[in-house]
Amino acid sequence: MAIPYPHFIATEKAAMDAGLLHPSSPSVILTQDDLKKIAAYKAVEYVESGMVLGLGTGSTAKHAVDRIGELLRQGKLKDIVGIPTSTKTHEQALSLGIPLSDLDAHPAIDLAIDGADEVDPFLNLVKGRGGSLLREKMVEGACKKFIVIVDESKLVNYLGGSGLAMPVEVIKFCWRFTAARLQKLFEEAGCVARLRTFGEKEKEEPYVTDNGNFIVDLYFERSIGDLKAASDAILQLAGVVEHGMFLDMATTVIVAGELGLTVKNK
Ligand SMILES: O=C[C@H](O)[C@H](O)[C@H](O)COP(=O)(O)O
């Protein structure tokens with residue numbers, strides 16, 4: 001859907017770099033994907049030559065990886081090493097000629113840029129609707145600065161508040177047992193746990209992560225309350241590998257919305 005954004009800051013460099021706004025025509029139609037691109041371009045302004053970079057996954061992060069590749073190609077960035085958070089991002093970065101490495105070789109990352117599914121007012125996140133939460137949490141947990149890029153539709157009053165999935169990566173072995181325990185854990189929040197699948201109804205198959213695991217998506221009717229307690233409780237269940245709540249990890253969140261760009265710092 002195309003939405004008019006007459007108030008978007010027409011002189012915003014990120015939007016102009018992204019080729020979406022021009023000073024002579026401040027009133028434009030921007031789609032949700034345009035907003036993602038503008039947020040991504042803004043985040044890449046923080047990238048400096050010589051950095052080790054965590055490369056996120058998803059439709060928003062894709063724009064940031066594209067932009068990093070473009071700046072490398074133009075010689076405006078040099079000596080970058082990227083640590084991808086998924087096989088998909090690995091392939092994208094390879095195709096752009098971004099030199100790649102991993103956490104074994106580069107355990108300290110200067111900056112990671114990634115999208116999110118939900119952002120609460122304290123900059124806690126839900127991530128992993130694209131299935132990459134485990135590698136994202138490992139990479140983004142190892143970086144000095146973690147910039148999250150979102151369009152304003154991702155802002156929520158509390159995590160789980162969008163009514164969309166909060167993902168939990170689980171091992172395949174007896175996943176039904178694990179899903180039932182997860183649902184029970186959040187009974188008071190009206191939790192429903194569902195195995196993530198893909199494909200047509202009759203040919204539906206479980207979604208398998210890059211790590212060979214399944215994802216159980218949790219849906220809540222009400223707030224789950226104390227996020228740290230919820231996180232601890234989930235991680236205590238044998239069978240759970242990781243969950244998609246990223247608590248106290250984002251150092252900056254860049255939001256692109258109707259009124260322009262907002263940069264929120266921790
Ligand atoms: O697993 C996927 C990642 O956590 C993504 O960063 C998240 O799902 C947001 O993706 P998008 O930018 O496509 O909304």
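Visitor: Which element gives the largest share of the shell around the ligand?

Guide: Helix 3 does, with three residues of the shell. This is a predicted model. Helix 3 spans residues 59-73, and helix 5, at 133-140, is the other element that gives two or more residues to the shell.

Visitor: Which residues come nearest to the ligand?

Guide: Of the 18 residues around the ligand, the nearest are G58, T60, G115, K127 and G130.

Visitor: What makes D17 buried, exposed or partly exposed?

Guide: A residue is buried at 20 or more other C-beta atoms within 10 Å and exposed at 12 or fewer. D17 has 18 such atoms, so D17 is called partly exposed. This residue lies in helix 1, residues 13-17.

Visitor: How far is the C-alpha atom of D17 from that of M249?

Guide: The two C-alpha atoms are separated by 28 Å, while D17 and M249 stand 232 residues apart along the chain.

Visitor: Which residues of helix 4 are buried?

Guide: In helix 4, residues 87-95, the buried positions include T89, H90, Q92 and A93.

Visitor: How do you know that the buried residues line one face of helix 4?

Guide: Viewed down the helix axis, the buried residues of helix 4 fall within an arc of 165°, and therefore they line one face. On the other side of helix 4, E91 and S95 are exposed.

Visitor: What covers the buried residues of helix 4?

Guide: The cover includes helix 3, strand 3 (52-55) and strand 4 (81-84). Helix 3 is also the element with the largest share of the ligand shell.

Visitor: How does the radius of gyration of the protein stand against that of a compact globule?

Guide: A compact globule of 266 residues would have a radius of gyration near 18 Å; the protein has 19 Å, which agrees. Along its principal axes, the C-alpha trace spans about 60 × 45 × 40 Å.

Visitor: How many helices and strands does the protein have, and what percentage of its residues is buried?

Guide: The protein has seven helices and 17 strands. Of its 266 residues, 44% are buried.

Visitor: Among contacts between residues at least 6 apart in sequence, what share joins residues at least 24 apart?

Guide: That share is 72%.

How values were computed:
Residues numbered from 1 in each chain as written. Predicted model: local features only at pLDDT ≥ 70, side-chain atom pairs only at ≥ 80, totals over all residues. Helix = DSSP H or I, 4+ residues; strand = E, 2+ residues; numbered from the N terminus. Near = placed C-beta within 6 Å. Arc of directions from axis to C-beta. Contact = placed C-beta atoms within 7 Å. Rg over C-alpha atoms; globule rule 2.2 N^0.38 Å.
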